[in-house]
Amino acid sequence: MILTAQSAVSHDIPPGKMISGSPGFDNRVWLRAVSIFQRLPELLKRLDRLEKRVESQAADEGVPDQEGVGQ
């Protein structure tokens, strides 16, 4: 088992596993999450633009608003 710097775990770790983060999880998943985390502001802006575009297109086509469906 390998724990990377500043990792925290509260359960048994199988032999040969590499754990990162707090709470600790698989190192490969952690590396992907960290790289995405740095891009969150950019991704949020893109998502907002896409949502507005979809809402605008739906309004142009007379599709009812789906906000709150399933709540």
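These are my notebook entries on a predicted model of a protein.

**Elements.** I looked up the secondary structure to begin with. I found three strands and two helices in the protein. I read their order from the N terminus as β-β-β-α-α.

**Dimensions.** I then checked the overall form. For 71 residues, I noted that a compact globule would have a radius of gyration near 11 Å, whereas the protein has 20 Å. I took the extent of the C-alpha trace along its principal axes, which is about 55 × 25 × 15 Å.

**Contacts and burial.** I looked at contacts between residues at least 6 apart in sequence, and 0% of these join residues at least 24 apart. I noted that buried residues account for 11% of the 71 residues.

**Surface.** I recorded an accessible surface of about 6,300 Å² for the protein. Carbon and sulfur atoms hold 56% of that surface.

**Charges.** I listed 9 positive and 10 negative side chains in the protein. I also noted that the centres of the two sets lie 11 Å apart.

**Salt bridge.** I searched for salt bridges and found one in the structure. I identified its partners as lysine 17 and aspartate 26, whose side chains meet at 3.4 Å, N to O. Buried would have required under 20% relative accessible area, and exposed over 50%.

Key: Residues numbered from 1 in each chain as written. Predicted model: local features only at pLDDT ≥ 70, side-chain atom pairs only at ≥ 80, totals over all residues. Heavy atoms only, no water. Helix = DSSP H or I, 4+ residues; strand = E, 2+ residues; numbered from the N terminus. Rg over C-alpha atoms; globule rule 2.2 N^0.38 Å. Buried < 20%, exposed > 50% of the residue type's maximum accessible area, 1.4 Å probe, protein only. Contact = heavy atoms within 4.5 Å. Areas by Shrake-Rupley, 256 points an atom, 1.4 Å probe, with all protein chains shown as cover. Lys, Arg positive; Asp, Glu negative; His and termini not counted. Charge placed at Lys NZ, Arg CZ, Asp CG, Glu CD. Salt bridge = Lys/Arg side-chain N within 4 Å of Asp/Glu carboxyl O.
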